[in-house]
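Here are some exercises to work through with the model open in your viewer. Try each task before you read its solution.

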Amino acid sequence: MPGPLVLGRNITKAYRAGSREVEILHGVSMAVEPGEMCAVMGPSGSGKSTLLYTLAGLELPSTGTVQLLGRDTTALSRAALARLRRCEVGFVFQAYNLVPTLTAFENVALPARLRGEKPPTETIRHALALVGLEGFEETRPVVMSGGEQQRVALARVIAQRPRIVFADEPTGALDTHSGAVVLDALRQIAHRPDQCVLTVTHDPVVAAQCDRVLFLHDGYLARELTSPSAAEVAALLTDLAVTGTGASS
Ligand SMILES: Nc1ncnc2c1ncn2[C@@H]1O[C@H](COP(=O)(O)OP(=O)(O)OP(=O)(O)O)[C@@H](O)[C@H]1O
């Protein structure tokens with residue numbers, strides 16, 4: 001049986017603040033299985049983005065291990081880790097790695113170009129159209145809104161078809177219609193049998209579209225819900241804010 005696509009074991013992450021070490025994540029263990037869309041939620045400052053960046057191999061854990069497609073990110077050379085990210089991992093972060101001097105079309109085509117391929121024009125146009133950016137092919141990211149830039153990043157992921165997609169507030173900067181388009185595209189990616197999506201979100205409606213929701217509190221994994229409703233997610237978030245454990249939900 002194939003293992004999880006993303007696996008974190010006892011992850012701690014500490015940053016240096018002046019002369020002190022401040023630990024942000026305190027031994028988080030979690031996995032994302034093939035065909036699964038997972039959300040990470042929690043109060044501001046609970047460590048969601050830090051966890052996402054660490055699982056994505058953009059940061060290394062201070063202790064513990066992270067495996068992407070069964071490969072330990074702490075054991076790979078920088079070049080091998082960069083190659084793994086380039087070939088197998090997609091990022092839907094606002095403006096993440098969009099090249100300001102390239103057009104939207106060229107940005108979406110870039111991962112394939114970096115692999116020495118020439119992607120079919122139709123694939124790129126189709127990906128941009130799927131995220132509602134038809135007609136933006138020749139536009140450069142610098143003159144786009146944050147939400148439009150995020151949708152270019154999503155179109156790049158759609159065209160690239162990576163095995164693992166990490167998203168940070170993928171609908172945060174979008175209007176209702178664009179948010180629904182983006183969420184639908186992410187669900188389609190996640191529900192292919194050999195792919196998965198892990199997204200950070202503050203939005204219970206987004207979380208309710210996910211197969212599983214993990215709740216962080218003060219750097220600890222506090223709770224987990226499977227296929228929750230938006231109301232259940234909102235109730236648990238309120239509980240976490242009040243009791244710090246979500247134990248009464
Ligand atoms: N590079 C860094 N150096 C020092 N401290 C950091 C660094 N990155 C994050 N932190 C701290 O770690 C804590 C968690 O930050 P993180 O961005 O992971 O939280 P979050 O749950 O994603 O918050 P939000 O919902 O507000 O985006 C915060 O107190 C933040 O200030």
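A crossing is left-handed if the near helix is turned anticlockwise from the far one by less than a right angle, and right-handed if clockwise. Keep in mind that this is a predicted model.

**Exercise 1. Helix 3 against helix 5**

Task: Find the angle, the axis distance and the handedness for helix 3 and helix 5, then list the residues that meet.

Solution: 
- Step 1. The two helices pack with their axes 8 Å apart, at an angle of about 40°.
- Step 2. That angle makes helix 3 oblique to helix 5.
- Step 3. From helix 3 come Ala104, Asn107, Val108 and Pro111, and they meet Val152, Ala155, Arg156, Ala159 and Gln160 of helix 5.
- Step 4. Sorted by class, this contact has six nonpolar, two polar and one charged residues.

**Exercise 2. One residue in that contact**

Task: Is valine 152 buried or exposed, and which residues does valine 152 touch?

Solution: 
- Step 1. Locate valine 152 in helix 5.
- Step 2. Count its C-beta neighbours inside 10 Å: there are 28, so valine 152 is buried, the cut-off being 20 or more.
- Step 3. Leaving out residues up to four places away in sequence, valine 152 touches Leu98, Ala104, Asn107, Val108, Leu133 and Pro141.
- Step 4. Take asparagine 107 from that list: asparagine 107 and valine 152 are 45 residues apart in sequence, with a C-alpha to C-alpha distance of 7.6 Å.

**Exercise 3. Helix 3 against helix 4**

Task: How is helix 3 oriented relative to helix 4, and what classes of residue make up their contact?

Solution: 
- Step 1. Helix 3 (residues 104-114) and helix 4 (residues 121-130) have axes 10 Å apart and pack at about 115°.
- Step 2. Helix 3 is therefore roughly perpendicular to helix 4, since 65 to 115 degrees is the range for that label.
- Step 3. The crossing is right-handed.
- Step 4. Helix 3 brings Ala104, Phe105, Val108 and Ala109 to the contact, while helix 4 brings Ile124, Ala127 and Leu128.
- Step 5. The classes come out as seven nonpolar, no polar and no charged.

**Exercise 4. Helix 5 against helix 6**

Task: Work out how helix 5 and helix 6 run relative to each other, and which residues meet.

Solution: 
- Step 1. The axes of helix 5 (residues 146-160) and helix 6 (residues 176-190) cross at roughly 20° and come within 11 Å.
- Step 2. The pair is therefore roughly parallel, as angles under 35 degrees are.
- Step 3. Helix 5 and helix 6 make a left-handed crossing.
- Step 4. Helix 5 uses Gly147, Arg151, Leu154 and Ile158 to meet Ser178, Val182 and Ala185 of helix 6.
- Step 5. Those residues divide into four nonpolar, two polar and one charged.

Key. Residues are numbered from 1 along each chain as its sequence is written. This is a predicted model: local features need pLDDT of at least 70, side-chain atom pairs count only at pLDDT 80 or more; totals for chains, interfaces and linings use all residues. Axes are lines fitted to C-alpha atoms, for helices over the stretch in contact, and angles run from 0 to 180 degrees between N-to-C directions. Helices (H or I, at least four residues) and strands (E, at least two) are DSSP runs, numbered from the N terminus. Angles under 35 degrees count as roughly parallel, over 145 as roughly antiparallel, 65 to 115 as roughly perpendicular and the rest as oblique. Two residues are in contact if their C-beta atoms, placed from the backbone, lie within 7 Å. Ala, Val, Leu, Ile, Met, Phe, Trp, Tyr, Cys and Pro count as nonpolar, Asp, Glu, Lys and Arg as charged, and the others, Gly among them, as polar. A residue is buried if 20 or more other C-beta atoms lie within 10 Å of its own, exposed if 12 or fewer, and partly exposed in between; C-beta atoms are placed from the backbone.
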